[in-house]
Amino acid sequence: MAVLLSAHQLTKAFSARSLFQNLTFAIETGERIGLIGPNGAGKSTLLKILAGLEPYDTGNLSVQRGLRVAYLAQVPTFSPGATIEDTLMEPLLSGGDPEWEKIEKVREIRSKLELPEGLVEPLSGGWKKRVALGRELVKVPDLLLLDEPTNHLDVETIRWLEDFLVDAPFASITITHDRLFLERIATRIIELDRRNPGGLLSISGSYSDFVEASDNQRASLDKRESTLQNTLRREIEWLRRGAKARTTKQQARINRAESMKDEAVELAWRTRDQKVRLDFEASEKNPKKLIEARGISKTFGEKAIVPKTDLLITPKTRLGLLGPNGCGKSTLIRLLTGAEQPDTGEVRYAEQLQVAWFEQNREALDPNTTLLKTLCPVGDTVDFRGNKLHIRSYLDRFLFSTGQMDMEVGKLSGGEQSRLLLARLMLRPANLLVLDEPTNDLDLATLEVLEDCLRSFPGAVLLVTHDRWFLDQVTSKILAFSKNFDTDAPEVTAFEGYPQWETHERERVAREDEKRKEREKAARNQQNLAKSAATAGKAPKKKLSYKDQREWESMELTIHNAEAEVARLSGESQSSESLKSPTKLRETLSALHSAQEKVEKLYARWAELEALQG
């Protein structure tokens, strides 16, 4: 495997804050690397440095000559008023390729990503991500860099992206906190964390391989720290006895004790627990039934959004909502919580019902207000679980430093804003937590703490998330939104967990593919029968020469073979081998263009011969 790029002693800081120091690593062809680490470790900045969008302070970055790098930003931007096709053409405008070749390349990517026509602006966040990905893919990259590509994508699109990256011919580096996504795509995990030796930990294999190796390393460090502490205690006792050995001969032992002390301090820092402390405050009394919905539904215009649904939510409910963006998950939540009235049915609420919301778009946060004033507008204490707690001590639970207390919320990172929302949510007594995409931008350590906290919460949890690992860990039941393939009507189906839904969905799609193939086969047979009936009993006119007659009789088979060649070349143009080689792709597309022209000429000739037949 060839080395695409290598970094040696790479260092980056913003003002007085050091993001990372002396990073050394290499990326090889074909690797699919998952880049993880705590919020603020510098993952996004490192990706921008590798993409050539951000300078580094010291060190060296060596890049293979001619390396094509594509970068998908966490929040992609587009030109005002741009169409999807215009956006895909952007990287090709400065190239010297023929116009028809550019158009073929854009058509190929559009087909691969199943992109529609029209403007970019009205698209959902998930479709905008697809368009931005397409813009990078037309560059035919050797290395694709992706920053949180699964944020705001629905589960179906995430599964599609998994398959796409696994089959891709190029190398990739992906920043994500989606553990199932990492498990399925990664061939190596790199953890960026100052506590790791050299600033990073690189483990070949899947995410589960990384977790096992990381735990073993942490256990080894803990054991080394314990051994050092015991040895250090004995050495300090010896030094305090004022032994006669305070001579030049024993100075080496004194120096060794000082060295062990430094190493013990370093190990203690590297092994210390840096996790958010979460504990949601539950209402004192929990009724047996919090919400009971009977036959509720919702329609907008002529479009059914939520079909008739029965649902009971009790304090033990851990319910996850799953389905494509815009399928009706948010509508169902509004119906259940009384924010919107159903068209049919009724919803009954417990008198003691108290609801706390986590909103994914963070609109509840004022970007111009300081972190301190967001949680404590007046005074310097908060009421947490019936006790007065100083605001600085409370924010320390969420790993906010003293220097961040007076920082405006708009200057916090996405992960820090999510932690701030959780901090505010914990101050509100509730027996129903409604969490809309709470996992976006949270680091893995915080996600694990949040999972434990929600599992032990005495009230009910209503969860919408694209993070399938998190969904499976927290929920005991899933309501999945889908559309009936035959009627296009919405359906809501209950499952015991995410694995059961995924198995069901794969089988459902496979059945529909089989039905589609049968319908296409029946249509082709019908067309063939119609052609046979139209030509049956017709005697060829004497106008046709012997050569023309032979040509006419074999024309249907000739056209069939020509269309098969078009299909073959079309498939070849989308193969990994063609996408990897611009020269081969150009030759294949040229041959495809010629084959399509041949089919058109054959149909024209067939029509001509049919006319002669009268």
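Helix α4 (residues 125-137) packs against α5 at an angle of about 15°, and their axes lie 13 Å apart. This is a predicted model, in which local features need pLDDT of at least 70 and side-chain atom pairs count only at pLDDT 80 or more, while totals for chains, interfaces and linings use all residues. Residues are numbered from 1 along each chain as its sequence is written, and side-chain values use heavy atoms, leaving out hydrogens and water.

**Packing of α4 and α5**
- The two helices α4 and α5 are therefore roughly parallel to each other (angles under 35 degrees).
- R130, L133 and L137 of α4 make the contact with T157, W160, L161 and F164 of α5 (contact means heavy atoms within 4.5 Å).

**Helix α5**
- The buried residues of α5 are V155, T157, I158, R159, W160, L161, E162, F164 and L165 (buried means under 20% relative accessible area, with a 1.4 Å probe and protein chains only).

**Nonpolar cores**
- The largest nonpolar core has 88 residues, and L133 and L165 are among those with the most contacts inside it (a core is a set of buried Ala, Val, Leu, Ile, Met, Phe, Trp, Tyr and Cys residues joined through side-chain atoms within 4.5 Å).
- Apart from this core lies another, of 27 residues, including L35 and L47.

**Residue Q404**
- Q404 is found in the loop between α11 (391-396) and α12 (414-425), and Q404 is buried, with a relative accessible area of 11%.
- Not counting residues up to four places away in sequence, Q404 touches L371, L399, L412 and E416.

Technical notes:
Buried means under 20% relative accessible area, exposed over 50%, partly exposed in between (1.4 Å probe, protein chains only). Helices (H or I, at least four residues) and strands (E, at least two) are DSSP runs, numbered from the N terminus. Axes are lines fitted to C-alpha atoms, for helices over the stretch in contact, and angles run from 0 to 180 degrees between N-to-C directions. Angles under 35 degrees count as roughly parallel, over 145 as roughly antiparallel, 65 to 115 as roughly perpendicular and the rest as oblique.
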